[in-house]
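Thanks for coming, everyone. I'll walk through the side-chain contacts in one model, starting with the rings. Here it is on the screen.

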Amino acid sequence: METKGSRSGVPAPRDANVRKVMTAQRNRDTAPELALRRALHALGFRYRVDLPIPGMPRRRADVTFTRWRTAVFVQGCFWHACPTHQHAPKHNSEWWRMKFDTNVRRDEETDAHLALLGWLPLRIWEHESVDGAVRRVIAALATRGHPLALRLDAHNLAPWLQAGTAPPRSAASPRSERRNSR
């Protein structure tokens, strides 16, 4: 059932259109990932993109806050078996079930590895709203002591998320104190 040039163990696609759609799937810079990154950047966060996971070849975090040891993964509902939206294809269903199980197991291994290294893994589903995802990232970073996240966590974020800007620095922020002491 394999076609010429296909990888070993991978069943042949049902037709050329299915192959075209599947090979066009992006593994980085997806629309949900870009929306999350834009919102975080607009709020003043700086991060690394597509950073390799230490000690795990071929595994990468979508958004990484290295100083606060937080790795964010934006997960596609189809590929990572979302409990809310995942549906198994009917064609080659057994192979797909094993593929999804392997993906979920790999995600769990990655999270466990990061936790052993003292990192906080955060999984965001593609169906989550950008505002909700940003709130989860801010809350996670606040637990790690990120100063901007701590400041934003104390504010009502709704108007800032809608405007796509960060609240102004308070007069008591460390940066303004440094400026005034010069």
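A search of the whole structure finds four aromatic pairs. A quick word on the term: rings of Phe, Tyr and Trp (its six-membered ring) pair if their centres lie within 6.5 Å, and planes under 30 degrees apart count as stacked, over 60 as edge-to-face and the rest as tilted.

Take Phe-45 and Phe-65. They make an edge-to-face pair, 6.2 Å centre to centre with 80° between the planes. Phe-45 sits in the loop between H2 and strand S1 (48-52) and Phe-65 in strand S2, so this pair ties together parts that are 20 residues apart in sequence. For the names: helices (H or I, at least four residues) and strands (E, at least two) are DSSP runs, numbered from the N terminus. Both Phe-45 and Phe-65 are buried. Buried means under 20% relative accessible area, exposed over 50%, and partly exposed in between (1.4 Å probe, protein chains only).

Before going on, the ground rules. This is a predicted model, where local features need pLDDT of at least 70, side-chain atom pairs count only at pLDDT 80 or more, and totals for chains, interfaces and linings use all residues. Residues are numbered from 1 along each chain as its sequence is written, and side-chain values use heavy atoms, with hydrogens and water left out.

Back to the rings. Tyr-47 joins in too: ring pairs link Phe-45, Tyr-47 and Phe-65 into a cluster. Elsewhere, Trp-96 and Phe-100 form a tilted pair, 5.5 Å centre to centre and 35° between the planes. Both lie in helix H3, four residues apart, about one turn of the helix. Trp-96 is buried at 11% relative accessible area. Phe-100 is also buried, at 4%.

Now the nonpolar core. By that I mean a set of buried Ala, Val, Leu, Ile, Met, Phe, Trp, Tyr and Cys residues joined through side-chain atoms within 4.5 Å. The largest one has 22 residues, and Leu-36, Phe-45, Phe-65, Val-72 and Val-137 touch the most other members. Which elements give two or more residues to this core? They are helix H2 (31-42), strand S2 (60-65), strand S3 (70-75), S4, H4 and helix H5 (147-154). H4 supplies the largest share, seven residues.

Look at Val-137. Leaving aside neighbours within four places in sequence, Val-137 is in contact (heavy atoms within 4.5 Å) with Leu-36, Leu-40, Phe-65, Val-72, Leu-122 and Ile-124. Apart from that core lies another, of seven residues, among them Ile-53, Ala-71, Leu-114 and Trp-119.

Next, Ile-138. This residue lies in helix H4 (residues 130-143). Is Ile-138 buried or exposed? Buried, with a relative accessible area of 1%.

On to charges. Side chains of opposite charge can pair when their charged atoms come close. How many salt bridges does a search of the whole structure find? Nine. The cut-off: a side-chain nitrogen of Lys or Arg within 4 Å of a carboxyl oxygen of Asp or Glu.

Arg-123 and Asp-107 make one, at 3.5 Å, N to O. Arg-123 lies in strand S4 (residues 120-125) and Asp-107 in helix H3 (residues 93-116), so the bridge ties together parts that are 16 residues apart in sequence. Arg-123 counts as buried at 15% relative accessibility. Asp-107 does too, at 12%. Arg-123 also lies over the face of Phe-73, 3.9 Å from the ring centre. The test there is NZ of Lys or CZ of Arg within 6 Å of the ring centre and within 35 degrees of the ring normal.

Asp-29 and Arg-37 form another bridge, at 2.9 Å, N to O. Both residues are buried. Then there is Glu-128 with Arg-136, where the closest N and O atoms are 2.7 Å apart. Arg-136 is partly exposed, at 33%. Finally, salt bridges that share partners join Asp-29, Glu-33 and Arg-37 into one network.

Last item, the backbone. Arg-58 has a phi near 70°, a positive value in a residue other than glycine. Arg-58 lies in the loop between S1 and S2, and is exposed, with a relative accessible area of 85%. Asn-92 also has a positive phi, near 60°. Asn-92 lies in the loop between S3 and H3, and counts as partly exposed at 21%.
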